[in-house]
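The sequence and the coordinates are shown below for reference.

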4 protein chains.
Amino acid sequence: MIRIHLDVELDYVVDPQGADFVFNIHAAHTPCQWVSNEQLSINQPIDARVHTDPTSGNRYMRMRAQGGPLQVRYSAMVDITHHQADPNTIGEVPVHLLPPETMGYIYPSRYCQSDRLLRLAYNEFGQLPQGYMRVLAIRDWVTRHVAFTSNTSNGNTSAADTLIEQVGVCRDFAHLMIALCRACNIPARFATGTDYGADPALGPPDFHAYVEAYLGDRWYIFDPSGTAIPMAFLRFGTGRDAADVAFATIFGSVQTVAPLIHATAVEDASLGIVLPHHNQMALSTDQGISLHR
Amino acid sequence: MIRIHLDVELDYVVDPQGADFVFNIHAAHTPCQWVSNEQLSINQPIDARVHTDPTSGNRYMRMRAQGGPLQVRYSAMVDITHHQADPNTIGEVPVHLLPPETMGYIYPSRYCQSDRLLRLAYNEFGQLPQGYMRVLAIRDWVTRHVAFTSNTSNGNTSAADTLIEQVGVCRDFAHLMIALCRACNIPARFATGTDYGADPALGPPDFHAYVEAYLGDRWYIFDPSGTAIPMAFLRFGTGRDAADVAFATIFGSVQTVAPLIHATAVEDASLGIVLPHHNQMALSTDQGISLHR
Amino acid sequence: MIRIHLDVELDYVVDPQGADFVFNIHAAHTPCQWVSNEQLSINQPIDARVHTDPTSGNRYMRMRAQGGPLQVRYSAMVDITHHQADPNTIGEVPVHLLPPETMGYIYPSRYCQSDRLLRLAYNEFGQLPQGYMRVLAIRDWVTRHVAFTSNTSNGNTSAADTLIEQVGVCRDFAHLMIALCRACNIPARFATGTDYGADPALGPPDFHAYVEAYLGDRWYIFDPSGTAIPMAFLRFGTGRDAADVAFATIFGSVQTVAPLIHATAVEDASLGIVLPHHNQMALSTDQGISLHR
Amino acid sequence: MIRIHLDVELDYVVDPQGADFVFNIHAAHTPCQWVSNEQLSINQPIDARVHTDPTSGNRYMRMRAQGGPLQVRYSAMVDITHHQADPNTIGEVPVHLLPPETMGYIYPSRYCQSDRLLRLAYNEFGQLPQGYMRVLAIRDWVTRHVAFTSNTSNGNTSAADTLIEQVGVCRDFAHLMIALCRACNIPARFATGTDYGADPALGPPDFHAYVEAYLGDRWYIFDPSGTAIPMAFLRFGTGRDAADVAFATIFGSVQTVAPLIHATAVEDASLGIVLPHHNQMALSTDQGISLHR
């Protein structure tokens, strides 16, 4: 088990007419992720409603902020129990046998134009044996072809752009890997967490984007930008791509400050709590979905 | 009430290695749409599984076809009971008050890059009073700016392309209108039906794409290409855009023939069944969603 | 006549392996633009070769810089004698009668995808009487639809992007106006100068991009971003779009500092030298091209 | 020497209001390409003016056609004397030493967004020894990654699209190769000819697009789609990309019929005339440009 203490500080200055916000900064409620000691504070006397998506477990918090400073503080203790499996034993699932709730992740989305990558995916990965190792080959291809460089992409950058320009940040790596998986008929989704374990040279601790691919009977974690430690990926949300699980989606005119993130791991042998570390196992924080029928 | 007799004939020749298909040709099961007398036939001795999406009511049929001819025939009788409302009484819902299940339709998607159209939407529609009539203004703007011309777009064409090139088919009109609605913070989704009532000069009866926008407490119907009679839109599916509800999504190498569609309306005054006709009311085939809280 | 004193200061730090540069910072030699008192200094002991393009009069300076700081200083006195004409007397030229040397400016280019805008251009401008006033209508359309905002576009931004996102800087306004002119079969080209007269609130003096359209028998000046005084546009270069006349094109790895530009106008009634000012005449710094044959 | 007998038949039906045409179907006048026995016929009593571009040797024919059928017939005998060189002896030219007239071909253009491919080009080709063999490696990379399939691209398809979708026709192969060459700082241009020697299974004889790259002291021929025999490439035109040298650019509303092309090679040992054949030499139909200064 992994235990992460999380603190998130978000600061904005809202224009006088106010603005609507959708936040996805609550640790998701999933069978593998236990959230406790949650504290939320907002400096404005406004109503914030939190809704848990029944399918994904994502918790979205919405509010209408007034003009002026908006400060949102969230902290929690998150315990993650991973499903670990031998990569060599995990197969792909044919399209006609996929669980229905995974089908939405096989179609193209805003930032993952998998429909345009069918030939490329076939040429690069079509001859590989199907299974976890093929997805790992896709991840490695993305890691190898794209350079991690801050400020080289923006909110409009999609997988097609990253394929051409071969540069980006974690979000761009994730979009390209997702698009390639879908082009191979493998459901893949965008997941958000923190970049625990990242090289401080890349900047202060930050939100992180990674990939979950559906293999065998559950969603497995992949980190194509390779900048963080997957075992520490506490999950904020999963969606089709970044459009679904931005940590903050803002409707209105607002000035923003870079978020402050603190994620600290705890070790406690007596409780079976270990520090996040790289390992060679296939990791999932998903409980598994039984096959259709 | 409207009653439509529907026949769909789909023909393919599948390459020897076989192919997976996802069809969305079953009339959706919704509280306003009653489907009876369904008949489905497939010429291959294969297993077809139909799954009803619990949220949308879409029915997806999946199968793995063998090499050779694949013939799929579907027929049904569909009764549609519309919710009709006075357009002037229907308002928009602020983002922070939207029902959670509508939120996915406010974000950009593969073919509806609403995130790029914020300024254009604000410039064109930002000063209009909010409500159904604003969405009608968006519909009219799309109808006015885009010319309906067959074979001018393809599977890669998105709202951004249609905005630039100002030409397309029903699907392209729908994508552009959806993107503009979302850019105005109005949930909008892609819906598929048949083009009952279309001018025969546009070609034989066909599938049709239209728009549903969330207003007041339910999803209302809009037909930006203006080629069909909205009252006759029996719904196959709704989704974020065409990627979600293609009548057929094919995974493999297949030759296709144009689909044959027959949709016939029945009139029976004794049962309150009228023929589909254009009217000025706001139409919905949606039961309504109570506001969050 | 207008007289401008120009100073340009460019500073770079070149990576150890060196880099090639193409500069277009010399005032062009044209019959209407007289350049004197030129001074050029480069801090590195390297060979800089200046080539004057025989057709455009652009002067390109190329050099291979060594690793380390590179400082380029250029100053000149530039006298501009405008051709001024009554806007109402200037017509368009049919494609088959255009001078051959203008034909390259009627085709699409990297940042001006006029081929995609044919319908939009026809819908918006197709009914207007042909001539200078139609081009003015195109300019006004661009000015009205696009907002000038720094840091909203980048080196990949093209006319199609600006049309969608409706925001940009002078270069983006110019690209969109050029694309629309070409879509109306009017030759249009990208021109570079300084933003003499710009509101200091927009930032320090800078390079500027504007448009020249071929009408009557010569190229007339248009300033779609409307941020500067056209009469003061000393011309560095003209080309198909920004790709041709960047003030600096760099081949290699280099750190750059924002350029320093000083453009000062002189008034001397005894010599007929007036200060640049806005007026309603059609302005050209082009000598005129006789019609083919 | 190669001798080709060429016949071109173009047929259109022009809408009643007439249309302007620019044709580039005359064999270019170049020092290496001798054109004789030219015959041109147009079925309409209209004025066609032919202009030879002084730099490229391209001959553009312009006319304003009346409503109704337009038939253009062109035939010629073209003798081509190639410059042939040992591939291993031909080097690249550093940017600062390139002849000025080649500089326009190092910048991005409408269909060749080399500016977006810098990292990809560096990653794939940056470590190869500079010279003809590196350009051959680029050609082979394009040939290997793109599949030749009719009707998979259109007039909007660019190198970036072809890179993503990995399919296209000769024009798309050429655009991608050009973009990659330019991204390596090698001037490259689009050239048009006929597909003499193409497999009849690809369809009837047609126009062809290929690439010329500037190496050593001249432009060398490359055929990335590999569908024809380069030695038989009689040149219609060269330009930045397809926008410059379409065989027909039409301004107006016109119905078109597929062009008919006949290119027949002659053998006559007594005159030193050989049949076009594949060989391993570097071929150029360019006279060579002396280095600047």
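Leaving aside its neighbours within four places in sequence, with which residues is His82(D) in contact? Beyond those neighbours, the contacts of His82(D) are Ile2(D), Pro230(D), Met231(D), Leu283(D), Ser284(D) and Thr285(D). The model discussed here is a predicted one.

**His82 of chain D**

His82(D) is found in the loop that runs between β6 (68-80) and β7 (83-85) of chain D. With a relative accessibility of 15%, His82(D) counts as buried, because the cut-off for a buried residue is under 20%.

**Chain A as a whole**

Chain A contains four helices and 17 strands. Its radius of gyration is 19 Å, close to the 19 Å given by the globule rule for 293 residues, so chain A is as compact as a globular protein of that length. The C-alpha trace of chain A spans about 55 × 50 × 45 Å along its principal axes. Of the 293 residues in chain A, 59% are buried. Among contacts in chain A between residues at least 6 apart in sequence, 76% join residues that are at least 24 apart.

**Two buried residues of chain A**

Asp286(A) is located in the segment after β17 (282-284) of chain A. It is classed as buried, at 13% relative accessibility. The side chain of Asp286(A) reaches the backbone nitrogen of Trp219(A) at 3.0 Å. Apart from neighbours within four places in sequence, Asp286(A) is in contact with Cys32(A), His83(A), Arg218(A), Trp219(A) and Arg235(A). Asp286(A) and Tyr220(A) are separated by 66 residues in sequence, yet their C-alpha atoms are 7.6 Å apart in space.

Gln166(A) occupies the loop between α3 (159-165) and β9 (167-168) of chain A. This residue is buried as well, with a relative accessible area of 4%. Setting aside neighbours within four places in sequence, Gln166(A) is in contact with residues of chain A, namely His145(A), Val146(A), Ala147(A) and Asp161(A), and with Arg119(D), Leu120(D) and Asn123(D) of chain D.

| Residue | Relative accessibility |
|---|---|
| His82(D) | 15% |
| Asp286(A) | 13% |
| Gln166(A) | 4% |

The size of an interface is often given as the accessible area lost when the parts come together. Between them, chain A and chain B bury about 3,100 Å², of which 53% is on carbon and sulfur atoms. On the side of chain A, the residues that lose the most area to chain B are Arg49(A), Arg62(A) and His96(A), which together account for 23% of what that side buries. The contact draws 35 residues from chain A and 35 residues from chain B.

Four salt bridges are counted between chain A and chain B. In one salt bridge, Arg110(A) pairs with Asp115(B), with the closest N and O atoms 2.9 Å apart. Ten residue pairs are in polar contact between chain A and chain B, both residues being at pLDDT 80 or more. The elements of chain A that give two or more residues to the side touching chain B are β2 (19-23), β4 (48-52), β5 (59-65) and β14 (248-251). The largest share of that side, three residues, comes from β5(A). By class, the side of chain A that touches chain B has 15 nonpolar, nine polar and eleven charged residues.

Technical notes. Residues numbered from 1 in each chain as written. Chains lettered and ligands numbered in written order. Predicted model: local features only at pLDDT ≥ 70, side-chain atom pairs only at ≥ 80, totals over all residues. Heavy atoms only, no water. Contact = heavy atoms within 4.5 Å. Buried area = accessible area lost by both parts, 1.4 Å probe. Salt bridge = Lys/Arg side-chain N within 4 Å of Asp/Glu carboxyl O. Polar contact = N/O pair within 3.5 Å; in protein donor to acceptor, adjacent residues only side chain to side chain. Nonpolar A, V, L, I, M, F, W, Y, C, P; charged D, E, K, R; others polar. Rg over C-alpha atoms; globule rule 2.2 N^0.38 Å. Buried < 20%, exposed > 50% of the residue type's maximum accessible area, 1.4 Å probe, protein only.
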